Amino acid sequence: MTNGWTDVANADVVLVMGGNPAENHPVGFRFVMEARRKRKAKLVVVDPRFNRTAAVADSYTPMRSGTDIAFLGGIIHHALTNKLYHEEYVKLHTNAAFVVKEGFGFENGHFSGWDNTKGNYDRSSWQYETDASGYARIDPTLENPRCVFQLMKAHYARYTPEAVSNICGCTAEEFTKAADLICSSGKPDKTGTILYALGWTQHSHSVQLIHTAAMMQLLLGNIGRPGGGVNAQRGHANIQGSTDMGSWNNLPGYLKIPRANHATLDDYLKAYTPKPLRPNSLNYWGNTSKFMVSLLKAYYGRHASKENGFGYGNIPKAGETENYGWGHFFDNMQKGQLEGFISFGMNPVANGPNTPKMLDALSKLKWMVVVENFETETAAFWNARKLGEKFYPTYVEASNIQTEVLLLPAACFAEKDGAFVNSSRWLQWKKAALPPPGDAKVDQEIMARIFLKVRELYEKEGGTAPKPLLEMTWDYANPLSPSLEEVAREVNGRDVATNKQLNGFGELKDDGSTVCGNWIYSGSWTEAGNLMARRGQEDPTGLGLYPNWSWSWPANRRILYNRAGADSTGKGWDPQRTPLRWDGTRWIGDTPDYKADAKPEDMGAFIMLPEGVAKLFAADLVEGPFPEHYEPVESPVPNPLHPNVSHNPLAPIFHGPLDKLGEAKDYPYVAITYRLTEHFHYWTKHVASGSQLQTNFFVELPEALANEKGIKGGDLVRVRSARGMVEGPALVTKRIRPLRVAGKTVYQVGIPIHWGFVGRVRGPLVNNLTPSAYDPNAGTPEYKGFLVNVEKV
Amino acid sequence: MQTVAKLIDTTQCIGCKACEVACQEWNDQEFTLGTFNNSYQTMPDLAPNFWNLIKFNEAEQNGAQSWLMAKYQCMHCADAGCIKACPAPGAIIQRANGIVDFEHDACIGCGYCITGCPFDVPRLSSKTKKVYKCSLCSDRVAVGLEPACIKSCPTNCLSFGTRHDLKFLAEKRVSELKSDGFENAAIYDGPGVGGTNVLYVLKHGDKPEQYGLPKDPRIPWTVSLWKGPVKWLGNLVFFGGLFTALVHFLAIGPKEHKHED
Amino acid sequence: MAAARELKISRTTQTSSVCPYCAVGCSVVIHTLGDKARNVQPTVVHIEGDPDSPINRGTLCSKGISLKEFVVNERRLTKPLYRAPGSAEWKAISWDEAIDKAARRIKDTRDRTFQEKDGQGRTVNRTASIAMIGGCTDTNEINYLLSKFRFGLGIISYENQSRL
């Protein structure tokens, strides 16, 4: 979230799209209800289903899953043509004035630079025009036909209410009504927020979709302001923290993974340290060397010296274009190219796309280690034939699966301490209340004992390349079960010479004199102690920032980009809701997202970006600098805008034996998967209360479709996709409306997740149905808007 | 002692079921498995181990889709039909703070209270042969805590306080709704049973049945008779008899049993 | 008049924690019985919302309010389990055996498949034949240790729930 849960109460308009907070984040949703009660805020819901959030909304608009970019593109068009945008904000805080190189264009579904044989873009025509010193040229009048503002206007001219209706399936009137409500937040004294979740991220065009939302919010002047922002409601207690700590393509703190062509630390820093694109851009990522060296120093300690690039060579490297992400390594696993797999508290058989493929992949492994609270479908994958026979009738018998499996019992949340980062980026420290049951152990002990045992084997026996392993620091007071407080101090960082905790990332150095495990968390455990455990109730601004409750990254800042919440003189756009203002000598309010002692006119408000301003036009995304509506990989209609380039041309799609895609003639209905408020993911099927609230898997069907097929509520139905099948009783409802799309009626089918073949209550895994198709920028799978057929059993 | 009450502002209910589970959890109810009934509702009706149910009602209002949710439980009536109907002394009591509470040691499982309840709330357990319902968490209230359902509710749909304060809050909320254009907004306060210590704010106050609430709750006349006039009559006969006996004793002395043999 | 039921949290130890489900980040109070004396195992009797938290102010959802059922649950794993190749069942083993097995498998695979150089002779130092996932429901500190674990071993295929 750019803002945070408590801040939602400051909004005048709340757009919920691609999320369903009343059901999936009910406690966070209380701030929406508060905004409605106290500020008479309008709640606008756009969703394929009339869900529990829609039930309390001021406006509900149905839509076809996978068409959000068309809807939001339509709002951009609506705001631009009706002049509903916040002009002064757009001029001051966005790259609307930046002039793009000659040759940029968009035609028949492709941007300029498309290479049909490579299936990729040459992005050189998407760059800004630059002057002799390398700075981008701008036209403050916004009149240059090649400035971002004019290009954007031209690009979205196609997104008329009629076009939106034709793609999304709502009526043009319904769209316009919603668009007017949303755009009412474009006035300087109004703000609007967006709450989204996996309904936006689980598409083959998800990053572009969120870019569209950011563009809309920038046009309406809603970024950096209380009651504004683009707010991802994250779905697991520490999914934000695990994102912050890196995955295959990131080191902790969003430092990019080194590539094979970056032979030395200098090569790496040269490639990944951006240069400012405007003279007044602070370009904070210019400090990349300090973040990286302090991390390497934390990893390699006394083995890290200036001479050896601080141990940079030890970090594993990917080839320039290689991808080691989810879809790719499971594909390689299925091809028999992986030997081992370690799962620390995750259940890919249940939560990954295309379960039949996932099961097949795991059966090719030599060994697997699973660390868990409960037995999961992943741990028990070798028993899928027996436990889930109906769904996997041709799966290998256990006797023919050679994979060795270790299932290790771990402590649950209540039995260990440490910090979770919530959606608001707040690091909240928790304490352990009791020891784990039986012989279960805390995770750090399980991990440390395996790690140290492997090291011991290398020390005893020798082996391949022991250096990266033996040089990794693990010098904790109790190495076999490190105290998490000690680890948290290392993550915050310290000065090597004085051994004092750092106050924040501003103190990091790139000469090896500071150690820091994750630069964005620097400041969380200073000499003043553990700031994540703070319980202060004060709210001096009255805006719900609570600066002394826990600790928020970065630098305890509660609203990101808060400098943009003020105008060119440093005065808040809305005097009633000012998170940050310039009093002539200093900034007052939230921790400034700006140089603390710089005057309002000194630099651009978006200090992390080379532009110094926010990007309406973003050349860093692989499928185009402007978001374009692309159909889901499986779609009931060809793309009405450009039928020959129907889905995202860069979406990774796999073509293995179990990766089939379906067509509308065989699978005519659009399917969406989602959570219910009664359950949490694949956990609460082990828990008595969740099992009571929703005991049974079910399939939600539009009443009109059910009538066509002679299906009544409670009848058993079978849903098939090209990948697999689920079966359960039908819940027949008017709440999913048939839609009129490109001249034909389209039905959507709703399928809740939460069940599986292991648990107190059992049912089919919905990912039996989902395709192995992903977003090219983020690698998220397309769980919303794939094709199925439905039959009465 | 002030009468305590619960306010349910149905306009704030999102059907999250926190109150259902908070009730189960605090009262150590056994969790059971449900059957599918073409609805999001946890179960079709209240049960001996399930005292707090959100009813989900899909409807169309003027062509627009609506999905009304409202919590349903014991109303803690001022004039409680269950107490009227109960023949077992001390099995159902009304505490000084207005809570209508069951004392299960004294319950004889006759089920008369079920007949007496105008809101169809108490449920007889076939296992224990006793009747169960919401106690308004009398154990929590006794030490100054709010009932479990109230504490859990994330959206402020539920409030707890004195009946007097909540009535004020409810009236304020109704006038807000009216100014927002919901002319039929109203408080539902158990007409016919002397008021209830569970108050509702309804957007469509003219149609309480859309929320699963009886439009005109009444204690059945049979029960009213049984403990109303009939009880009075019965008492008259009983005490009358006693009085006659006393007079007889004073005037004539102890009744002598003649030995027949 | 009969007294109300005795309050079940009147003699508990209270520990502040954070709900492990979604990322709203509600604070909870875990009530355990047992006075922390040496010979007593604490047991969770109740978990409810922490009123101090500006996020949830004591409230919780249907999942959070029943966290006790998650913690105290007869389905929890309490022993290391091993499934041998071709076997149709779990076998309980000791921790020492489990750790030895895991370490041995990791080392053998790493020794066999570790790539110091890629096809073009460039240093890559990776074990591409082991993949690892997890962390979204564990703390920052565990995630940081996992980063040391995987980079120490050269594991590059690492993902967590945020990818999905």
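**View 1. Helix α9 across strands β8 and β9 of chain A.** In this predicted model, helix α9 (residues 206–219) of chain A lies across β8 and β9 of chain A. The helix runs at about 145° to β9(A), where axes are lines fitted to C-alpha atoms, for helices over the stretch in contact, and angles run from 0 to 180 degrees between N-to-C directions. Helices (H or I, at least four residues) and strands (E, at least two) are DSSP runs, numbered from the N terminus. Strand β8 (residues 192–196) of chain A and β9(A) run parallel and are joined by three bridges. A:I194 stands opposite A:V230 in β9(A).

Residues are numbered from 1 along each chain as its sequence is written, chains are lettered from A, and ligands are numbered from 1, in the order in which they are written. Local features need pLDDT of at least 70 and side-chain atom pairs count only at pLDDT 80 or more, whereas totals for chains, interfaces and linings use all residues.

**View 2. The five-stranded parallel sheet of chain A.** The strand order of this open sheet is β3-β2-β1-β8-β9 (chain A), with parallel pairing; two strands pair if DSSP finds at least two bridges between them. Because β3 (59–62) and β9 (230–232) of chain A each have a single partner strand and stand at the edges, one side of each is left without a neighbour in the sheet. From one strand to the next, the twist averages 20°.

View 3. Seven of the 10 residues of helix α2 (residues 30–39) of chain A are buried, and the helix is mostly covered. A residue is buried if 20 or more other C-beta atoms lie within 10 Å of its own, exposed if 12 or fewer, and partly exposed in between, with C-beta atoms placed from the backbone. The buried residues are A:R30, A:F31, A:V32, A:M33, A:E34, A:A35 and A:R36. They pack against β1 (13–17), α1 (21–24) and β2 (42–47) of chain A. After α2(A) comes A:K40, with a positive phi near 55°.

View 4. Strand β12 (residues 340–344) of chain A and strand β8 (residues 130–134) of chain C run parallel, joined by five bridges. C:M132 in β8(C) is the bridge partner of A:I342, and C:M132 also stands opposite C:Y158 in β9(C). β8(C) and β9(C) pair in the parallel sense over three bridges.

**View 5. The contact between chains C and A.** In total, 102 residues of chain C are in contact with 135 residues of chain A; two residues are in contact if their C-beta atoms, placed from the backbone, lie within 7 Å. Helix α2 (residues 95–113) of chain C gives the most to the side of chain C that touches chain A, with 14 residues. That side has 48 nonpolar, 32 polar and 22 charged residues. Here Ala, Val, Leu, Ile, Met, Phe, Trp, Tyr, Cys and Pro count as nonpolar, Asp, Glu, Lys and Arg as charged, and the others, Gly among them, as polar.
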